[in-house]
Amino acid sequence: MMASSTPSSIEHTMLAASEQLQVPSNITKFKIGLCQLSVTSEKNQNLACARNLIKAAVERGARLVVLPEMWTCPYSNDYFAKFAEDFENEDASPTFFMLSEAACSHGITIVAGSVPESCDGQLYNTSCVFGPDGKLKAKHRKIHLFDIEIPGDITFKESDFFAAGDKPTIVDTDVGRIGIGICHDIRFPELAALYRAKGARIICYPGAFNISTGELLWEVMQRARAADNQLFVATCSPSRDSSGSYAIWGHSTLVGPSGEIIATSGHEETVVVAEIDYSKIELQRKGLPLDKQKRADIYLS
C-alpha cells in the first residue's frame, strides 16, 4: 500500500494549533532561577525557605523562578494528605498566598514546583504558575504518575495516593510561552512535542527523580526533550538532604535547544541562575529544520 504524501488530519491539527497559538514576544533574553531547596516535615519552614530562595534568585536577576516537585512536604504518603491544600479556597491556602505575594512583590513569573492539591475528594500532584501581578495563570496536574517496581532496588506507586491530571498545560507569560510537566511527565516525548507544536519555547519540569532513576535518566531525558524539540528545558529538584525515606537525585538543570547543558547543580540546597536566549532556538531550527524534515506521512500511516 502506497503512503500518501498529503499531510494527515493529525498533522493539520498540530500545525493549526501552532499557528493559532503562536504569540509574538519582544522578550529575547532573560534569566531563570531554579530553587533546589531542602524539604523538611514542617510546612512553614518550607514556605520560608522557598521565599528566601526566590528572593535570592531575583537578586541575581531572575525573571522566571522554578521550584521543585513536592517542596511543601517530604515525598511520602505519610504527608501528602496532611499537607494538601485546596487552591479553590485561596484564603485557606498558605502556599497559594506566599507564592502570589512573592510573584507580585518581585514582579516575576513563578512556576511553583508542585504540591499536594485536594479537590473534590481527590489528591493531585499539582503545579501552579503565578504572574508578576500575583495572579494564578495556570494549574498543571501531573499527567503521568510514577509507578515503578524494580526488585531489590525501588518499589513506588504514585497512583496509590494521587489521581492523574488529564490536560496538558501551556501558559503565556511575560517571558514567553511555557509548557509545564511534572517529573515523570518528562519520560513521554509526545507531551513535549505537543508543547513545541503549540509554540512553547521552554518546558519546565519540576521533578524529584530518585537516585536510581536519576543517575540513569535525569540528564538524558532533559537533553532528549530539548534536542528533539529544539527548545529550552528547565528542571528543578529538591535537594538530596530533604526529609523522608525517598532518596532524591537533585541536579536541577537548564538545557538549551541543541541539547547542551547550560547550567546545573549538585545535590545540595542551592539556587541555579542562568540566561535563556531565545535566539538560540531560531538559530538551531534554521540550521537543522527538523519540522520540515519530519515524515508524518510515514509515522502516522
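Q: Before we start, what does buried mean here?
A: Buried means under 20% relative accessible area, exposed means over 50%, and partly exposed covers what lies in between; the structure itself is a predicted model.

Q: Good. Then is Asp297 buried or exposed?
A: Asp297 has a relative accessibility of 19%, so it counts as buried, given that the limit is under 20%.

Q: And which residue does Asp297 meet in a salt bridge?
A: Its side chain meets that of Arg295, at 2.8 Å from N to O, and Arg295 counts as partly exposed because its relative accessibility is 41%.

Q: What about Glu85, where is it and what does it pair with?
A: The side chain of Glu85 forms a salt bridge with that of Lys43, at 2.8 Å from N to O. Glu85 sits in the loop between α3 (77–83) and α4 (94–106), whereas Lys43 belongs to helix α2 (residues 43–59), so the pair ties together parts that are 42 residues apart in sequence.

Q: Are those two buried or exposed?
A: Glu85 counts as buried at 5% relative accessibility, and Lys43 is buried too, with a relative accessible area of 17%.

Q: Switching topic: where is Asn125, and what polar contacts does its side chain make?
A: Asn125 lies in strand β5 (residues 122–130) and is buried, with a relative accessible area of 0%. Its side chain makes a polar contact of 2.8 Å with the side chain of Glu69, and another polar contact, of 2.6 Å, joins it to the side chain of Ser114.

Q: Which other residues is Asn125 in contact with?
A: Leaving aside neighbours within four places in sequence, the residues in contact with Asn125 include Tyr75, His140, Lys142, Glu158 and Phe162.

Q: Now the sheet with β9 in it, what is the strand order?
A: The order is β9-β10-β11-β12-β13-β14 in an open sheet of 6 strands with mixed pairing. The edge strands, β9 (169–173) and β14 (261–264), each pair on one side only, and the twist averages 20° from one strand to the next.

Q: How do β12 and β13 pair?
A: Strand β12 (residues 232–236) and strand β13 (residues 253–255) pair in the antiparallel sense over 3 bridges, and Ala234 has Leu254 in β13 as its bridge partner.

Q: Last one, what does UniProt place at residues 30–278?
A: The unreviewed UniProt entry places the feature "domain: CN hydrolase" there; over residues 30–278 the chain is 26% helix and 31% strand, with the end C-alpha atoms 9 Å apart.

Terms used:
Residues numbered from 1 in each chain as written. Predicted model: local features only at pLDDT ≥ 70, side-chain atom pairs only at ≥ 80, totals over all residues. Heavy atoms only, no water. UniProt positions renumbered as here; feature names shortened; annotations may be inferred. Helix = DSSP H or I, 4+ residues; strand = E, 2+ residues; numbered from the N terminus. Pairing = 2+ DSSP bridges. Axes fitted to C-alpha atoms, helices over the stretch in contact; angles between N-to-C directions. Buried < 20%, exposed > 50% of the residue type's maximum accessible area, 1.4 Å probe, protein only. Polar contact = N/O pair within 3.5 Å; in protein donor to acceptor, adjacent residues only side chain to side chain. Contact = heavy atoms within 4.5 Å. Salt bridge = Lys/Arg side-chain N within 4 Å of Asp/Glu carboxyl O.
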